[in-house]
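I opened a new notebook page for this structure.

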Amino acid sequence: MRHVIIGGDGFVGRHLAPKLVADGEEVVVADIVKSDLKHYRSARHVHCDVTDPASLAKLGIKAEDMVYNLSAKMLSPIQVRAKRHDFFYPVNYHGTVNIIEAMDKAGALRLVHFTTDMIYGHTVTHPMTEEHPVSPLGEYGMSKWETERLAAEWRKRGMSISLFRPRLIIGPGRLGILEKLFKLIDWNLPVPMIGSGRNPYQFISVFDCAEAARLAWKAGVPNEAYNLGSINPPPVRKLLGDLVRHAGSKSILLPTPGWAVKRTLDLLDLMNMPIMDPEQYLIADEDCVLDVSKGERQLGWVPQYRDEDMLIAAYSEYRAKKNGTAGATEHAPAE
């Protein structure tokens, strides 16, 4: 049996692949890029573009393969409104269609697929279980939700597909939207919050994501969806306040009327001058906390990293990069 990690040179894949190699498994990383990663001494890399069925055919998927789909276009870099559909759908949705069809032709039946918590939209119930109503707020979340609907159809045809819905994934090599926050703190500028900052904010570590994917394989690839997030996330005010103190910054936290900030950001978005994606700011002052207990019950998965520690680690990496001392950190491209 082989483990074929599609999009495996990206953020989660570069942590999943060495885990599987350490388990003594045969690993094939399929991606459009190949980074200088140590595990390629043991894992094989195959150039693969998920938007091209012929490219996937050359991958040579076999019936006994365990397949992971980590390929994705993310919310960073931010896209203007008119370009969002054409940015997200070719990889996120049509790429998934191509992957599943390639698996079907080969008789491969097992897939671990990452979607997003953005499929839920506004918070209706708290905490948010996997049964929370689905109502994506933008093209990114919708592209991912349509892959879940696709998975439901292929499950009826005999495939086993485990779905993961992570919160904002952070870890070594990717800063994304956090870089804007870190610059404000470095410059001792006020840090505006959307709303009062009393609502919690939940991350998920890239290391925990990789372990969840591995455990889904170990559990036989259940036909289930699983939330991925930290445990007991702190309020935004505390999370940012701890970071400001850690950085030795003079920045102050600035509460704002959430509705006013959202309408301003809506206007900027309409003017094709987006500062944040609507899928990010429209829920920024809500209690968007995922219930992750299902993963523990069914997979034995328990997140190991706290939000406070993840954010400070990300800031430390940002500072090391700015100071020119980040040579040991492998940079993860935006997928």
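This is a predicted model: local features need pLDDT of at least 70, side-chain atom pairs count only at pLDDT 80 or more; totals for chains, interfaces and linings use all residues.

Residues are numbered from 1 along each chain as its sequence is written, and side-chain values use heavy atoms, with hydrogens and water left out.

**Entry 1: salt bridges**

How many salt bridges does a search of the whole structure find? I found 19.

I looked at Arg2 and Asp65. Their closest N and O atoms are 2.7 Å apart in a salt bridge. Arg2 sits in strand β1 (residues 2–6) and Asp65 in the loop between α2 (53–59) and β4, so this pair ties together parts that are 63 residues apart in sequence. I took helices (H or I, at least four residues) and strands (E, at least two) as DSSP runs, numbered from the N terminus. Arg2 and Asp65 are buried. Buried means under 20% relative accessible area, exposed over 50%, and partly exposed in between (1.4 Å probe, protein chains only).

Next I checked Arg84 and Asp269. Their side chains form a salt bridge at 2.4 Å, N to O. Arg84 belongs to helix α3 and Asp269 to helix α9 (residues 258–270), so the pair ties together parts 185 residues apart in sequence. Both residues are buried.

Then came Asp117 and Arg167, a salt bridge with its closest N and O atoms 2.7 Å apart. Asp117 is in the loop between β5 and α5 (139–156), and Arg167 is in the loop between β6 (160–166) and β7, 50 residues apart. Buried or exposed, I asked of Asp117? Asp117 counts as buried, at 8% relative accessibility. Arg167 is buried too, with a relative accessible area of 6%.

I also noted one network: Lys19, Asp23, Glu211 and Arg214 are joined by salt bridges that share partners.

**Entry 2: the cores**

A nonpolar core is a set of buried Ala, Val, Leu, Ile, Met, Phe, Trp, Tyr and Cys residues joined through side-chain atoms within 4.5 Å. The largest one here has 46 residues. Tyr68, Phe114 and Phe164 have the most contacts inside it. Elements that each supply at least two residues include α1 (13–22), β2 (26–31) and β5 (110–114). Which helix gives the most to this core? It is α7, with eight residues.

A second, separate core has 28 residues, among them Val91, Met159, Leu163 and Ala225.

Contact means heavy atoms within 4.5 Å. Leaving aside neighbours within four places in sequence, Phe114 touches residues including Val12, Lys144, Phe164 and Leu228.

**Entry 3: helix α6**

In α6 (residues 178–186), I found Leu178, Leu181, Phe182 and Ile185 buried. Seen down the axis, the buried residues of α6 fall within an arc of 95°, so they line one face of the helix. That arc is taken from the directions from the helix axis to the C-beta atoms. These buried residues pack against elements including β7 (168–170), α8 (236–247) and α12 (307–322). Asn188 follows α6, and its phi is positive, near 60°.

**Entry 4: His45**

I found His45 in strand β3 (residues 44–47). A polar atom of its side chain lies 2.7 Å from the backbone oxygen of Val33.

Definitions and conventions: A salt bridge is a side-chain nitrogen of Lys or Arg within 4 Å of a carboxyl oxygen of Asp or Glu. A polar contact is a pair of N or O atoms within 3.5 Å; within protein, one must be able to donate a hydrogen and the other to accept it, and residues adjacent in sequence count only if both atoms are side-chain atoms.
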